[in-house]
Amino acid sequence: MPTYKYDPGTDKFDTSEKCRAPAWCDRILWKSNIGVKCEDYRSHPIHKLSDHKPVSAVLSVHTRVVDVQKKQLILDEILKDLDRIANDSLPQVMLVVVVVTGTRGSYSEGVDTS
């Protein structure tokens, strides 16, 4: 059954002045370098919200297996590098303590230089 061009909210094909011909214009597109197989494709004529009838598909997809241990090692290495970079970019601080002793007592001051 065509999926387009219905009068919205009905099962009647286009009754407007344009009187468009029914068409199968609703598609589900995919692109893959690995195997994808369409197991089922159908329209859903019970839904009458627009001039299109929705479509659905069931696809079988072959995926690669992730080596969880290798993934964790790579993640740990990246986090270690990011931590090193963050630590290297912290400002360096040096504390200088000045003590002055005189006849009236002593005076000390901590100086923070960045």
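Among contacts in the chain between residues at least 6 apart in sequence, 31% join residues at least 24 apart, a contact being defined as heavy atoms within 4.5 Å. The model is a predicted one, in which local features need pLDDT of at least 70 and side-chain atom pairs count only at pLDDT 80 or more, while totals for chains, interfaces and linings use all residues. Residues are numbered from 1 along each chain as its sequence is written, and side-chain values use heavy atoms, with hydrogens and water left out.

The secondary structure comprises 1 helix and 4 strands, where helices (H or I, at least four residues) and strands (E, at least two) are DSSP runs numbered from the N terminus. Followed along the sequence, these elements give the pattern β-β-α-β-β.

The surface may be considered next. The accessible surface of the chain amounts to about 9,900 Å², and 58% of this belongs to carbon and sulfur atoms; such areas come from the Shrake-Rupley method with a 1.4 Å probe, and for residues only the protein chains shown count as cover. Of the 114 residues in the chain, 9% count as buried. Here buried means under 20% relative accessible area, exposed means over 50%, and partly exposed lies in between (1.4 Å probe, protein chains only).

Leu29 lies in the segment before strand 1 (36-43). With a relative accessibility of 76%, Leu29 counts as exposed. Leu29 and Ala57 are separated by 28 residues in sequence, and their C-alpha atoms are 9.9 Å apart in space.

The charged side chains provide a further point of reference. The model contains 2 salt bridges, each defined as a side-chain nitrogen of Lys or Arg within 4 Å of a carboxyl oxygen of Asp or Glu. One of them links Arg42 to Asp40, with the closest N and O atoms 2.8 Å apart. Arg42 is partly exposed, at a relative accessible area of 45%, and Asp40 is likewise partly exposed, at 24%.

The helix carries another salt bridge, formed by Asp88 with Arg84, in which the closest N and O atoms are 3.5 Å apart. Because Asp88 and Arg84 are 4 residues apart in helix 1 (residues 68-88), about one helical turn separates them. Asp88 is exposed, with a relative accessible area of 56%, whereas Arg84 is partly exposed, with a value of 45%.
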